[in-house]
Amino acid sequence: MSKDSYDAGDDLANSTSDASLRHSLARSAEIERAIEQDAGKFRMLTGDRPTGNLHLGHYFGSLANRVRLQDAGVDTLVLIADYQVITDRDGTGPIHDRVFSLLADYLAVGIDPAKTTIFTHSAVPALNQLMLPFLSLVTDSELRRNPTVKAESEAANRPLSGLLLTYPVHQAADILFCKANLVPVGKDQLPHLEQTRMIARRFDERYGRATPDRPVFPQAEALLSKAANVLGLDGQKMSKSHGNAIDIDMDADTTAKLIKKAVTDSDRHITYDPKNRPEVSNLVMIAALCTGRDPVAIADEIGDGGGGGLKKLVTQAVNDFFAPIRARRAELAADQGYLESVLRAGNDKANAIADATLAEVRQAMGMLY
Ligand code: TRP
């Protein structure tokens with residue numbers, strides 16, 4: 001895949017009439033060029049809900065991209081969104097273990113705590129306090145219109161909680177507390193970014209500024225991933241709950257067993273043809289991503305080797321690629337003291353940033369006493 005190719009994105013834009021999506025894709029290409037020119041102009045905020053293990057889809061879909069931007073010199077913050085866990089479920093579950101497991105995944109794949117600030121919602125009070133003035137800037141009907149919230153509410157199949165309804169506002173606080181101007185996201189998060197920009201604008205209009213020359217909050221932009229969308233081993237969305245996901249921390253044997261059960265088709269001649277042979281092509285793509293090779297060349301090499309030949313090659317490619325990451329992850333997971341020190345340092349940095357922003361907010365609102 002060439003660096004400038006937005007193939008996956010083109011598919012996405014063609015399948016929808018949404019002009020804002022098309023605009024975001026074009027803007028993303030421009031932003032990538034601006035990062036090459038001067039990465040120092042960008043502060044990026046991304047995050048994950050700590051609800052389960054990260055898998056190969058997360059790796060190629062977003063984690064690798066974060067590491068690339070971090071290493072290109074973009075000032076990076078990564079949020080372990082622990083308060084978002086309770087938007088659509090009762091209780092926090094094994095949250096403590098999940099937070100540290102997510103942190104170990106991050107560090108194992110190359111998110112570098114010397115360059116990137118990793119922190120949790122619950123440890124940064126000033127971030128959460130921003131939610132209060134922000135809620136005053138949105139209406140009930142704006143909240144209820146958000147298509148991602150609607151979809152999540154339907155999927156959760158339970159009464160809509162106040163926190164699920166308002167979590168895009170909380171997410172605006174995630175982005176704005178650190179004045180991020182760049183948010184790498186999937187297209188499902190675009191409505192949230194739209195709400196974030198609106199909140200930033202309305203804050204300026206309604207509450208004014210801490211200093212006369214510039215608004216308290218910048219306009220944050222989405223950076224849509226140009227990465228291929230990796231599917232699960234059955235051709236459906238890769239997800240732990242579907243049993244079709246290769247976890248980053250899975251061992252080689254379990255990985256081999258899972259891939260053995262992957263869905264293929266009856267044509268023994270392997271080709272790379274995502275439209276007509278989605279399951280086979282997805283496996284070829286996984287091997288291509290893990291080896292850095294061209295998917296068509298991989299399919300040609302397997303030729304008449306059938307599903308068996310394909311699965312053998314994919315297993316080898318995945319296990320070879322993830323071996324050093326898994327080894328590093330095992331070391332990290334065995335050193336709880338180190339993980340705790342990384343999170344503490346990240347939370348300290350996030351708190352310093354959040355306190356400074358909240359002071360500006362209170363100044364703009366005339367609430368500094
Ligand atoms: N909602 C995101 C997800 O489910 C996680 C997240 C929380 C996030 N806060 C964020 C993403 C701020 C980007 C910016 O994956």
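**Salt bridges**

I searched the whole structure and got 22 salt bridges, counting a side-chain nitrogen of Lys or Arg within 4 Å of a carboxyl oxygen of Asp or Glu. Caveats for myself: this is a predicted model, with local features needing pLDDT of at least 70 and side-chain atom pairs counting only at pLDDT 80 or more, while totals for chains, interfaces and linings use all residues. Numbering runs from 1 along each chain as its sequence is written, and side-chain values use heavy atoms, with hydrogens and water left out.

Helices here are DSSP runs (H or I, at least four residues) and strands are E runs of at least two, numbered from the N terminus.

**Helix packing**

How do α3 and α13 pack? I get an angle of about 75° between α3 (residues 56-71) and α13 (residues 306-333), axes 13 Å apart. The axes are lines fitted to C-alpha atoms over the stretch in contact, with angles from 0 to 180 degrees between N-to-C directions. That makes α3 roughly perpendicular to α13, a label for 65 to 115 degrees.

On the α3 side I noted Leu56, Tyr59 and Phe60, which meet Val318, Phe321, Phe322 and Ile325 of α13; contact means heavy atoms within 4.5 Å. By class that is 7 nonpolar residues, no polar and no charged (Ala, Val, Leu, Ile, Met, Phe, Trp, Tyr, Cys and Pro are nonpolar; Asp, Glu, Lys and Arg charged; the others, Gly among them, polar).

My search of the whole structure turned up 1 cavity of 30 Å³ or more. A cavity is a set of points on a 1 Å grid over the protein atoms alone where a 1.4 Å probe fits but cannot get out; lining residues have an atom within 4 Å of a point. The lining of the largest cavity includes Thr87, Asp88, Ser153 and Arg158, and its residues divide into 4 nonpolar, 3 polar and 2 charged.

How values were computed: Parallel < 35°, antiparallel > 145°, perpendicular 65-115°, else oblique. 1 Å grid on protein atoms, 1.4 Å probe; cavity = no way out; pocket = protein on both sides within 12 Å on 5 of 7 lines; lining within 4 Å. Points joined across faces, edges and corners; volume = space filled by probe spheres on them.
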